[in-house]
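Reader: Could you walk me through this model, please? I would like to take it piece by piece.

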Amino acid sequence: MEFDHILIRYGEMALKGKNIKQFINKLQHNVGQKIKEFPDAKVKRTQGRMFVLLNGNDPKAVMEKCKKVFGIQSLSLAIKVENDVEKIKDAALYALRNAEDVKTFKVSVKRINKDFDVRSQALNQMLGGHLLSNTEGFTVDVHHPDVEVKVEIRKEATYITSSIVPGLGGLPVGTSGKSLLLLSGGIDSPVAGYLAMKRGVAIEAIHFHSPPFTSERAKQKVLDLAKQLTKYGKSINVHIVPFTKLQQEIFREMPDEYAMTIMRRMMFRIAESVCRNENILSLTTGENLGQVASQTMDSMHTINEVTNYPIIRPLVTMDKLEVINIAEKIGTYETSILPFEDCCTIFVPKSPKTKPKREKVNYYESTHDFTASINEAIEGIETIKITDKKEIEESFGDLF
Amino acid sequence: MIYLDNSATTQPDPSVLESFQQVSEQFYANPSSIHQFGGTAEKLLKTAKIQAADILQVAPREIVFTSGGTEGNNIAIKGIALEHQSRGKHIITTEIEHPSVYETCKGLEKLGFEVTYLPVNQQGVISIEDLRNAIREDTILISIMHVNNELGSIQPIQEIGEIAKQHPKLFFHVDDVQGLGKVPLKLDGSGIDLCSFSAHKIHGLKGTGMLYVNKHTTLFPLFHGGNQEHAIRSGTENLAGIVAMVKALRLIVEREKKEVGRLYELQAYLVKELKEVDGVFINTSKNAAPHIVNISVPGIKPEVMIHMLGEQNIFISTKSACSSKLKDESKVLAECGFSLERSTSALRISLSYDNTMDEIKVFLEAIKKAIKQFKEAME
């Protein structure tokens, strides 16, 4: 006996009115993509339900993949058996035994198929007794059970589920367009990307790389973060901008206390140009109000001047600890805290302006022509496609 | 040469050696160094961990690379005992564990821990009922091997895991040094918190091993230092050995899938033929792992037998190599209730996927001849 399918429930999406079909199709597609690596596992829909047919694949492994798909409210491992009391008993016992962290349970039988000759109430009691006498440490609690063993007797078969595993909620990635994530390698930007994806946004990422001041490891760290994000969506194109020359020029030509602000403005200009080339309609950043000097309201006001593309700032009102909690949950924290210098930490002005003014910045920028260096940076962009597949670096290939 | 002592150690696979050499030559940087070269080494280490985790179907951060089975067992048992002694000081293990578990428990007794050693039946298997009865309020650890190294007996790890799950306060450690690549063992979701593996039993190299540490499990480290391996096992990583081990792991799991049936056939043939030989008793039970056959030839000292076969370049062993030097009697066999005559005359034939039917036939002829020769000499 083993779980043979996973029941998928979608919540908020059911509210989406006329678009609902499109959302559900996308969800089905996204789930299908995630379980591609499991031979014969298939995602199906019938009678308003979505489920994954395991066809012999490890239920937990497939479940882990499905749990990371946005747009799912909850999931349950389920067993399909013939409409036969003994088989239903076995399956219910199996379902209960495989529920985790459970002390109390209740059985609820739904007899949709009225031809089935044991009535719901009788089967309820029979199953409850069977479960109690064949397990240890469980008790029945009909009001607040840790788990409800659900038995649904339909025409074609009986379906049994137990634990309900919460999904991530949100909307299927790809239903809300695409955004370009400014990915630095810190704790915040991957979380911002994750939260944008949660609202159905597909993302690409842009990273500013300043070799030799920033190392290959810093770049790799960003690619690793992007890889972690792909687990929640699809492949991510990471645009690596060679930033050394422009950055040095900024710090050489501009007043020290304004260099940071101007550098950020340059980043937004370059990001917007990538958006235009790639048909992306917005930017996403990990900016957060008042966290550090460059993220004051004044800073945001001054930096934002250079683009009229919408900027999604999912973290703008969050506390640092909230952000860290999410980073830990989504598996980016450990990578984010690796201590490599990035382009924002190598040249740090002694006293950056916490209240930079637009007029002043515009004046300083007008005193030097950065066009050539900006264009050079844009032309030098290297785009790396990160997929959620496991890859072994070529030079390591035959070692394993 | 016919090598039938694979439970002591195995021949390193040539491609495993190649990996070892290649990593030693090309990626010798310290993974903790922050330069690019160190970065590459670190990436290789990470890749190795992801590969191993993938094969064992656990999370990469649940793998700790060690120096082998003995170290893994020590880290697990002492680590739990020291970290969680405030919860209780009672440990449950069995009478037939490998010395690296058994002696570790003995050692902890000296530090004030109490240990229950579960008995085994003649098949070398514990009783679930005994285990249930042994669990107390202050039990913090159950440490039970998967496959016994002398007899090949398999413990009901899955059932034990289910029991362990119902006692959230205690941890469950499995020594799977002999089972890896021969008898499947599911880790994730099985109630197992810790599981030790060794590379040189699966055609990897000595000095490398792995310990699975479930993400909810905390350990007091035996080695403090530079916080490598999640601070559970400090010390510069043996990267070449690690990569070689992960390759060995992949190969053995592939061979297990394809060839374990053949291994069972070789074992069955061995047992069938040996049974026919006058004076030979089979100690290994029917439900054992496929690579171990333990027999007794009462009246002939095992050492004599080993040397007689050794002269013909056939290598088997007496008890496990690790305890062979202690005394004549096999503790494992004695615990199973075998007579002194049998427990002092035991021989172990242990197979690998490299052994062939032809080799087995040659061995069978040789052992029959040796027994006959010995008996004639005694008459």
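**A helix and its surroundings**

Author: In helix α6 (residues 157-165) of chain B, the buried residues include I157(B), I160(B), G161(B) and A164(B). Here a residue is buried if 20 or more other C-beta atoms lie within 10 Å of its own, exposed if 12 or fewer, and partly exposed in between, with C-beta atoms placed from the backbone. Helices (H or I, at least four residues) and strands (E, at least two) are DSSP runs, numbered from the N terminus.

Reader: And how much of an arc do they cover around the axis?

Author: The arc is only 105 degrees, which puts these residues on the same side of α6(B); it is taken from the directions from the helix axis to the C-beta atoms. The face of α6(B) turned away from that buried side carries Q158(B) and E159(B), which are exposed.

Reader: What do the buried residues of α6(B) pack against?

Author: They pack against α5 (128-134), β5 (139-145) and β6 (171-175) of chain B, where two residues are in contact if their C-beta atoms, placed from the backbone, lie within 7 Å.

Reader: Before we go on, how should I read the numbering and the confidence limits?

Author: Residues are numbered from 1 along each chain as its sequence is written, while chains are lettered from A and ligands numbered from 1 in the order in which they are written. This is a predicted model, in which local features need pLDDT of at least 70 and side-chain atom pairs count only at pLDDT 80 or more, whereas totals for chains, interfaces and linings use all residues.

Reader: Now the largest nonpolar core: which residues touch the most other members?

Author: In that core of 104 residues, L141(B), Y212(B), L239(B) and V243(B) touch the most other members. Its largest share, 14 residues, comes from helix α7 (residues 239-276) of chain B, and the core draws at least three residues from each of domain 1 (2-7 + 258-378) and domain 2 (14-251) of chain B. A nonpolar core is a set of buried Ala, Val, Leu, Ile, Met, Phe, Trp, Tyr and Cys residues joined through C-beta atoms within 7 Å, and the domain bounds come from an automatic or database domain assignment.

Reader: What does L239(B) touch?

Author: Not counting residues up to four places away in sequence, L239(B) touches V23(B), F27(B), P31(B), A41(B), L44(B) and L45(B). Apart from this core lies another, of 94 residues, among them I8(A), L131(A), V222(A) and V323(A).

Reader: Staying in chain B, how covered is strand β12?

Author: Strand β12 (residues 346-350) of chain B is mostly covered, with five of its five residues buried. On one side are A346(B), R348(B) and S350(B), and on the other L347(B) and I349(B), so both faces of β12(B) are covered.

Reader: Why does R348(B) count as buried?

Author: R348(B) counts as buried because it has 28 C-beta neighbours inside 10 Å.

Reader: Which strand runs antiparallel to β12(B)?

Author: That is strand β10 (residues 292-296) of chain B, joined to β12(B) by five bridges, and V293(B) stands opposite I349(B) there. Two strands pair if DSSP finds at least two bridges between them.

Reader: Let's switch to chain A: what is the order of the strands in its six-stranded open sheet?

Author: The order is β14-β13-β10-β11-β12-β15 (chain A), with mixed pairing. At the edges stand β14 (311-312) and β15 (382-386) of chain A, each with a single partner strand, so one side of each is left without a neighbour in the sheet. Strand β12 (residues 236-242) of chain A pairs with β15(A) in the antiparallel sense over five bridges, and V238(A) stands opposite I384(A) in β15(A).

Reader: How far apart do the C-alpha centres of domain 1 and domain 2 of chain A lie?

Author: They lie 43 Å apart, with domain 1 covering 5-166 and domain 2 covering 178-387.

Reader: Finally, how many residues does each chain give to the contact?

Author: The contact takes 14 residues from chain A and 19 residues from chain B. On the side of chain A that touches chain B, α6(A) gives the most, with three residues.
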